[in-house]
Amino acid sequence: MERDRAVLAPMANAIRALAMDAVEAANSGHPGMPMGMADVATVLFSEFLKFDPAAPKWADRDRFVLSAGHGSMLIYALLHLTGYAAPTMDDIRNFRQMGSPCAGHPENDMLEGVECTTGPLGQGIAMAVGMAMAERHLNAAFGDELVDHKTWVIAGDGCLMEGVNHEAVGLAGTLKLGRLNVLWDDNKITIDGNTSLSTSEDILARYDASGWHTTSCNGHDFADIARALAEAAADPRPSLVSCRTVIGKGAPNKQGGHNVHGSPLGGAEVAAAREYLGWSNAPFEVPADILANWRSTGETGKAAHSAWAARLAASASRSEFESRLMGIADLAAPALEDYIEGLVAAPQKVATRKASEMALGPLTEKIPHLVGGSADLTGSNLTKTKFTPLFSADSYDGRHVAYGIREFGMAAAMNGMALHGGVVPYGGTFLVFSDYCRNAIRMSALQHAQVVYVMTHDSIGLGEDGPTHQPVEHVMSLRLIPNLNVYRPADVIETAECWALALETTHTPSVLALSRQNLPQLRGAGDEGWSRLTNRSAKGAYRLVAASAERKVVLLASGSEVAIAGDVAKALEAQGIGADVISVPCWELFDAQDAQYRADLLPEGVLKVSIEAGVTLGWQKYVGDGLAIGIDSFGASAPIDKLYDHFGLTAEKILPRVLARLS
């Protein structure tokens, strides 16, 4: 729907007015970007974006990502003006206040229409790459009649400077994601001042070199903006549009300067801006004719939605398509039942990374939602199965992504895939490189995104590669992140159980910390007829071995150290000292159990000992004044047996410490 400047200019000024009014009322926020990009956003929403405010979760809507999340008033204004149920004007009046969905940065679980939580710069673009990947993957399965939409991004200079941007741009160019369009707020300003203070790169040339289409426009000329966006929409490559703008456009004394980025304009400048813009309305008031023009922008999308709904109703693929959008919580455990029954009959001594690959066999065979990948470590992470061919520009129906050496970009893209819907992503790297992914993992948790991180080589057990590759603090540091389940399974059956749990928790991401070294199968007896209801790992911790003699010791361990704990228990029992072995695959699930269950595993009056090949900080909440045995230093380069002996993680070295404490 093409509109002339006489209509578009007042519409854009409504964004500017709401942005400066809300920031002023909160005495906090970022007015500069919303005011500077108001014209571009007005053209995007009125002429290009496919959306239906009455159906914010319509599967074939275009995705809009505000990567420059500090400019949150831009999206709040757009959602209100275009007719979404929220935010209301009262919500906007309470911008950045407790209880308002208009948070300082957009949060995807607070407002429909906010596709992803943004604020950490660069990750919005990287998540948009994942959304575009999911769109192409589902299109390959269901065709244009059900899946044919674009992903639009507004990003700032900071988004393009961040390292994750380079990773995301390279991946998108390689995959030829032509339905991805990034609108760059090219205002030449960062917090410190002009961008020339910190960068001299030719950004368009960098994108060109990465396989993108690039173009430029005057970000305050509606016709030029429309021309550039039309070019981007038509090009088969991902597109970057440089929108040359003035930050704080409309504030006559502050526009164009870095001080307008992240501070209220002040009462005098707000008054001057109203006069400059010809906006005579009171704060938080939008004239009826301007609001009507904004509300009409969704009409094209409503018609497209109606036509799509008719196609879906008539489609032979309707049931399968709707199933893909429903999630997989009920599919994981049944997919693993026969596999686990086979392990009971024929035990396997394998590394838990291998056990993960084995579990992924039936999971990827039976659950088409699963799309895996690895950051150039497929042969080590073992994330690929015979049911997951390569996802590429030539094969969007593939289910395994070669992310390259882009751990951060992989993690952020997986967030985007999960938030898009229809795909449950998992991706692998070494656990030590979770540091590269960490902020995206945190964003998974914050956004309630179902992403599974397959983190292998989880301890000094990886051996000779040495301390640069041996994680010691990583498992514990990941346990600090709220709404993240960190699993460290002890054997092949626990690994399958942890996979089932990761796929059942649809609003919580998961980390699987997996061993390089082979581990004995500790489970089997009692696991006949395994099902979701008998998943022992579901409680986070359970009694693997009960004391025979009078219980004096409770040994807690995770992962590769559970077998060691079992050997210590046998040695104690041989001396008439009763010892339980508690396997603790997931702290988060254990902490969620009721007090009675936790007290049964951790009774008063006995010595509690934790054993884990990592830092000991944190285990004290379970062992109290007992023993926390681990590694409170970096590792070393040596064969695994030498390392475990050197760091005192053998039954022979743990036993004397337990006996000494008992005496």
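**Entry 1: the helix pair.** A reminder to myself before I start: this is a predicted model. I began with helix H18 (residues 407-420) and helix H19 (residues 434-446), whose axes come within 7 Å and cross at roughly 10 degrees. That angle is under the 35 degrees cut-off, so I can call H18 roughly parallel to H19. For the handedness I noted a right-handed crossing where H18 passes H19.

**Entry 2: who meets whom.** Next I looked up the residues in this contact. From H18 I listed Glu407, Phe408, Ala411, Ala412 and Asn415. Their partners in H19 are Tyr436, Cys437, Asn439, Ala440, Met443 and Ser444. What is the make-up of the contact of H18 with H19, by nonpolar, polar and charged residues? I found 7 nonpolar, 3 polar and 1 charged.

**Entry 3: the cysteines.** How many disulfides does the structure hold? My tally came to 0. A disulfide would need the two sulfur atoms within 2.5 Å.

**Entry 4: buried or exposed?** I checked both cysteines for accessibility. Cys217 has a relative accessible area of 6%, so I put it down as buried. Cys243 is buried too, with a relative accessible area of 0%.

How values were computed: Residues are numbered from 1 along each chain as its sequence is written. This is a predicted model: local features need pLDDT of at least 70, side-chain atom pairs count only at pLDDT 80 or more; totals for chains, interfaces and linings use all residues. Side-chain values use heavy atoms; hydrogens and water are left out. Buried means under 20% relative accessible area, exposed over 50%, partly exposed in between (1.4 Å probe, protein chains only). Axes are lines fitted to C-alpha atoms, for helices over the stretch in contact, and angles run from 0 to 180 degrees between N-to-C directions. Helices (H or I, at least four residues) and strands (E, at least two) are DSSP runs, numbered from the N terminus. Angles under 35 degrees count as roughly parallel, over 145 as roughly antiparallel, 65 to 115 as roughly perpendicular and the rest as oblique. A crossing is left-handed if the near helix is turned anticlockwise from the far one by less than a right angle, and right-handed if clockwise. Contact means heavy atoms within 4.5 Å. Ala, Val, Leu, Ile, Met, Phe, Trp, Tyr, Cys and Pro count as nonpolar, Asp, Glu, Lys and Arg as charged, and the others, Gly among them, as polar.
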